[in-house]
Amino acid sequence: MTTSACSSCAFYEDHKANNEQTLENAGLCRFNPPVFQPEAAERGYWPVVKKDDWCGHFENEAA
């Protein structure tokens, strides 16, 4: 049985956070595009989620 949690979702990336640091028990959600910042010179950021978070966009990882 697959758990519908971010850590087992096709859109979850657990490598590095937006600030290039490894996160413990967290990663980035790649379902939607990055969220842009108010300043034009700033880059967009991917939402940071916990491994056991979940949402309605869950999709199983490819085998």
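## The aromatic pair

In this predicted model, local features need a pLDDT of at least 70 and side-chain atom pairs count only at pLDDT 80 or more, while totals for chains, interfaces and linings use all residues. Residues are numbered from 1 along each chain as its sequence is written, and side-chain values use heavy atoms, with hydrogens and water left out.

The structure contains one aromatic pair. Rings of Phe, Tyr and Trp (its six-membered ring) pair if their centres lie within 6.5 Å; planes under 30 degrees apart count as stacked, over 60 as edge-to-face, and the rest as tilted. The ring centres of Phe11 and Phe31 are 5.0 Å apart and the ring planes stand at 85°, so this pair is edge-to-face. Phe11 belongs to the segment before strand 1 and Phe31 to the loop between strand 2 and strand 3; the pair thus links distant parts of the chain, 20 residues apart.

Phe11 counts as partly exposed because its relative accessibility is 24%. Phe31, at 32% relative accessibility, also counts as partly exposed.

## The strands and their sheet

The protein chain has zero helices and three strands. Both kinds of element are DSSP runs numbered from the N terminus: helices are H or I runs of at least four residues, and strands are E runs of at least two. Along the sequence, the pattern is β-β-β.

The three strands form an open sheet in the order 1-2-3, with antiparallel pairing. Strand 1 (12-13) and strand 3 (48-50) are at the edges with a single partner strand each, so one side of each is left without a neighbour in the sheet. Two strands pair if DSSP finds at least two bridges between them. Strands of a sheet pair through backbone hydrogen bonds, either parallel or antiparallel.

Strand 1 pairs with strand 2 (residues 26-29) in the antiparallel sense over two bridges, and Tyr12 stands opposite Cys29 in strand 2. Strand 2 and strand 3 also run antiparallel, joined by three bridges. Gly27 has Val49 in strand 3 as its bridge partner.

## The nonpolar core

Which residues make up the largest nonpolar core? This core consists of five residues: Cys6, Cys9, Tyr12, Cys29 and Val49. A nonpolar core is a set of buried Ala, Val, Leu, Ile, Met, Phe, Trp, Tyr and Cys residues joined through side-chain atoms within 4.5 Å. In soluble globular proteins, nonpolar side chains tend to be buried together.

Val49 has contacts (heavy atoms within 4.5 Å) with Cys6, Tyr12, Asn25, Ala26, Gly27, Leu28 and Cys29, leaving aside residues up to four places away in sequence.

## The salt bridge

A salt bridge is a side-chain nitrogen of Lys or Arg within 4 Å of a carboxyl oxygen of Asp or Glu. By this rule, the count is one salt bridge. Glu13 forms a salt bridge with Arg30, and their closest N and O atoms are 2.6 Å apart. Glu13 lies in strand 1 and Arg30 in the loop between strand 2 and strand 3, so the pair ties together parts that are 17 residues apart in sequence. Glu13 is partly exposed, with a relative accessible area of 23%, and Arg30 is partly exposed at 30%.

## Two asparagines in loops

Asn25 lies in the loop between strand 1 and strand 2. The phi of Asn25 is near 65°, a positive value in a residue other than glycine. Most residues other than glycine have a negative phi. Asn25 is partly exposed, its relative accessible area being 38%.

Asn32 is found in the loop between strand 2 and strand 3. With a relative accessibility of 40%, Asn32 counts as partly exposed. The C-alpha atoms of Asn32 and Trp46 are separated by 8.1 Å, and these residues are 14 apart along the chain.

## The chain as a whole

The C-alpha trace of the protein chain spans about 45 × 20 × 20 Å along its principal axes. The chain has 63 residues, of which 21% count as buried. Among contacts between residues at least 6 apart in sequence, 50% join residues at least 24 apart.

Methods:
Buried means under 20% relative accessible area, exposed over 50%, partly exposed in between (1.4 Å probe, protein chains only).
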